[in-house]
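Subject: Structure handover

Hello,

I am passing this structure on to you. Please look it over first; my notes on what was found follow below.

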Amino acid sequence: MAWSKLKLDEVAVRRTALLKLRREGVRYDDPRVEALGYSSPDAARKDLHRALEAHRDAEAAEVSIYRQQENERLDALLEAAWPRATQPSPVFDKEGNVIGKELDMRAIDTVIRLMDRRSKLNGLDMPVKTEVTGASGGPLAVSTVDPEKVHALIAATSRLDTDTPANTATSTPNEDDEGDAP
C-alpha cells in the first residue's frame, strides 16, 4: 500500500531534522535523534542512507543543469571576446592615423581564461602524471631493512633509556656509554 501524502511529509520533515543533526556532528545514539521517532540508532542510520540515495539522482540532475547554464554563459562571453582576440585591430597614433594592426592581448588572455574555466567545469583536463625518480633521474631504489637494525639505530641515536638523551650532532653511542659526554 502506498504512503499517504501526510506520511510522506512527516518522513521528509524527520529526515531533514536528522540530516541537520548529523551535519552538526550529533551521533545516531544521541537522545535528540531518538526524539525524532527512530526506534534505534541503526534505524536512523538506514533512514538517512535511504534519504541520501533518493536525492542522489535529483542532485545529479541539478548539477547537470548548472553545468549547462555555466557553459551557456561561457559561450556568450567567449563569443564577445573572440573577435578581438583573433582579428587584428587598428592601432592609432596621436593624430588618429592608423599606424598598424595588432591583436588585443587582453582579449587573448580573457579567451584563454574562459577556455580554461570551461575545461575545468567539464573535466576536460588530463590528470597530471607524477614520476618519482632516484638519484640523477635514475630508478628509485627500494629495499627492505632488517627490523633489528632499525631498532638498534633508533636506540643508539635516541638513548631514551637514559635521563639525558645523546646529542646526536656531536656524540656517538660509544661516548655516551662511557659517560664522557660533557
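Among contacts in the protein chain between residues at least 6 apart in sequence, those joining residues at least 24 apart make up 31%. Please keep in mind that this is a predicted model.

The overall make-up comes next. The protein chain has six helices and two strands, and their order along the sequence is α-α-α-β-β-α-α-α. The chain has 182 residues, and 15% of them count as buried. Its accessible surface is about 15000 Å², with 56% of that belonging to carbon and sulfur atoms.

Next, helix α3. This helix covers residues 41-86, 46 residues in total. From its first C-alpha to its last it reaches 63 Å, close to the 68 Å expected at 1.5 Å a residue.

Last, the surface. Val132, Leu140 and Val142 make a nonpolar patch of about 330 Å². Of these residues, Val132 lies in the loop between α4 and α5 (147-158). Is Val132 buried or exposed? Its relative accessible area is 60%, and the cut-off for exposed is over 50%, so Val132 counts as exposed.

Regards

Note on methods:
Residues numbered from 1 in each chain as written. Predicted model: local features only at pLDDT ≥ 70, side-chain atom pairs only at ≥ 80, totals over all residues. Heavy atoms only, no water. Helix = DSSP H or I, 4+ residues; strand = E, 2+ residues; numbered from the N terminus. Expected span 1.5 Å × (residues − 1). Patch = residues over 30% accessible without salt bridge, like charges linked within 9 Å, V, L, I, M, F, W, Y side chains within 5 Å. Areas by Shrake-Rupley, 256 points an atom, 1.4 Å probe, with all protein chains shown as cover. Salt bridge = Lys/Arg side-chain N within 4 Å of Asp/Glu carboxyl O. Buried < 20%, exposed > 50% of the residue type's maximum accessible area, 1.4 Å probe, protein only. Contact = heavy atoms within 4.5 Å.
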